[in-house]
Amino acid sequence: MKIIVCVKQVPDTNDVKWSKENNIIREGLINIINPYDEYAIQAALNIKKLNPDTKITLLSMGPNCAKDVLEYGLAIGADEAILLSDKRFSGADTCATSKTLASAIKNAIQEYDIIITGQFAIDGDTAQTGPSLAHHLNIPVLTYVKKITDVKNNKITAQCERENEVLTFEGAMPIVLCVLKSCAELKNPKIEDYINAQKKQIKILNLEDIQSTPDEAGIKGSPTFVQRAFRPEVNRWCKKVKYDYIKEILSHIREENGKEEKMQQQ
C-alpha cells in the first residue's frame, strides 16, 4: 500500500504580531508543521502498523526552509519526502495549491492508494485544499475524519464528524482523507529518530518536474484576492461577582430585563 501525506509549514499563530494597520508582521515569525498535518502523518503510521508493507511519502509545497517540517515527518516514521519548491509556486491560494499538488501526484509520484491531509491549516482555516485535491484527481474524499476504523479489500471505513452527529462512511481506494486532531494519538520522536531521518531522502521538484504550467501555479493560478488581514475586535462586557453570586446574578438579570422593557415601551 502507498500513502501520500500532504503537509504544510505554517507560521506559529501563537506568536503572530500585528501592525497598527492591522497587517500581520511576518518578520521573525517561527514556522512549524501545521498541527492537523501532524495528526495526518500519525494516522498514516497507524495504517502502516496494520499493513507493514505500506510506504508513506510526505508531500509539501513551499520554500527551501519547508524541509524542516519534512525532516520532522521523516523522524516520526515516514519513508520519504518530496518538496515542491519553485518561486513560481509562491503566493498560491487553495485552488492553485491543490492543482500543484495534484500535478505532482499524477506526474511525479503516480502510484498511490490513500492521500491524507489535515482538515484545516491554521494559517488559512479554509478546509478547501483536501477536497479540491480530490476533485483534480477525480477520486472520492472523506472530510472531517474523526477515526479510521478499518482498511482492507481496497476500502476504507472511517467515522466522520457532521454538524450534529458522527457518521460512518466507507470509501473505495484511491481516496483522499481529511483528518481531524482526534484521528490519532501523537508520539514525539527521539534523538535517534532524527538521526535516522537524515538518512532518508527529500526530493526537491520544480514546476517542470511535475509538468505543471506557470498559469496554473502560484499567484497567476490563484483567483482568490485577500484585501487585508486584521485582528477581529472582541467586545465583551464582564462583571466580577465575589460574594452572594446567585443574588447578584439574579439582580443583574432583573436590572437588564427592566432596561429592555423600558426601551420597548419607548
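Predicted model: local features only at pLDDT ≥ 70, side-chain atom pairs only at ≥ 80, totals over all residues.
Residues are numbered from 1 along each chain as its sequence is written, and side-chain values use heavy atoms, with hydrogens and water left out.

Helices (H or I, at least four residues) and strands (E, at least two) are DSSP runs, numbered from the N terminus. Helix 1 covers residues 35-50 and has 16 residues. From its first C-alpha to its last, helix 1 reaches 24 Å, close to the 22 Å expected at 1.5 Å a residue; the expected span is 1.5 Å times one less than the number of residues.

Strand 6 (residues 55-61) contains Thr57. Thr57 is buried, at 6% relative accessibility. Contact is defined as heavy atoms within 4.5 Å. When neighbours within four places in sequence are left aside, Thr57 is in contact with Ile3, Ile4, Val5, Glu80 and Ile82.

Strand 6 also holds Lys55, which takes part in a link to Glu80 in strand 7. Lys55 and Glu80 are 25 residues apart, and the pair links distant parts of the chain. Lys55 is partly exposed, with 35% relative accessibility. Salt bridges with shared partners also join Asp86, Arg88 and Glu208 into one network.

By this rule, the count of salt bridges is eight. One of them is formed by the side chains of Glu111 and Lys2, at 3.6 Å from N to O. Glu111 lies in the loop between helix 3 (94-109) and strand 8 (114-118) and Lys2 lies in strand 1 (residues 2-6), so the pair ties together parts that are 109 residues apart in sequence. Glu111 is exposed, with a relative accessible area of 52%, and Lys2 is partly exposed, at 34%. A further salt bridge joins Lys48 and Asp79, whose closest N and O atoms are 2.9 Å apart. This pair connects helix 1, where Lys48 is found, with the loop between helix 2 (67-76) and strand 7 (80-84), where Asp79 is found, 31 residues apart. Asp79 is partly exposed, at 28% relative accessibility.

A disulfide is a covalent bond between the sulfur atoms of two cysteines. With the cut-off set at a pair of cysteine sulfur atoms within 2.5 Å, a search of the whole structure finds zero disulfides. Cys6 is in no disulfide, and the nearest cysteine sulfur, that of Cys178, is 9.3 Å away. Cys183 is likewise in no disulfide; the nearest cysteine sulfur belongs to Cys160 and is 11 Å away. Cys6 is buried, at 7% relative accessible area, and Cys183 is buried, at 11%.

The backbone was also examined. The peptide bond from Met173 to Pro174 is cis, with omega near 0°. Pro174 is located in the loop between strand 11 (166-172) and strand 12 (175-179). Asn138 has a phi near 60°, a positive value in a residue other than glycine. Asn138 is placed in the loop between helix 4 (129-137) and strand 9 (141-152) and is exposed, with a relative accessible area of 71%. For Asn153, phi is near 55°, also a positive value in a residue other than glycine. The loop between strand 9 and strand 10 (155-161) holds Asn153, which is exposed at 68% relative accessibility.

On the surface, Val241, Tyr245, Ile246, Ile249, Leu250 and Ile253 form a nonpolar patch with about 530 Å² of accessible area together. Patches are made of residues with over 30% relative accessible area and no salt bridge, like charges being joined within 9 Å and nonpolar side chains (Val, Leu, Ile, Met, Phe, Trp, Tyr) within 5 Å. Accessible areas come from the Shrake-Rupley method with a 1.4 Å probe, and for residues only the protein chains shown count as cover. Within this patch, Tyr245 lies in helix 6 (residues 245-265).

Terms used:
Buried < 20%, exposed > 50% of the residue type's maximum accessible area, 1.4 Å probe, protein only. Salt bridge = Lys/Arg side-chain N within 4 Å of Asp/Glu carboxyl O.
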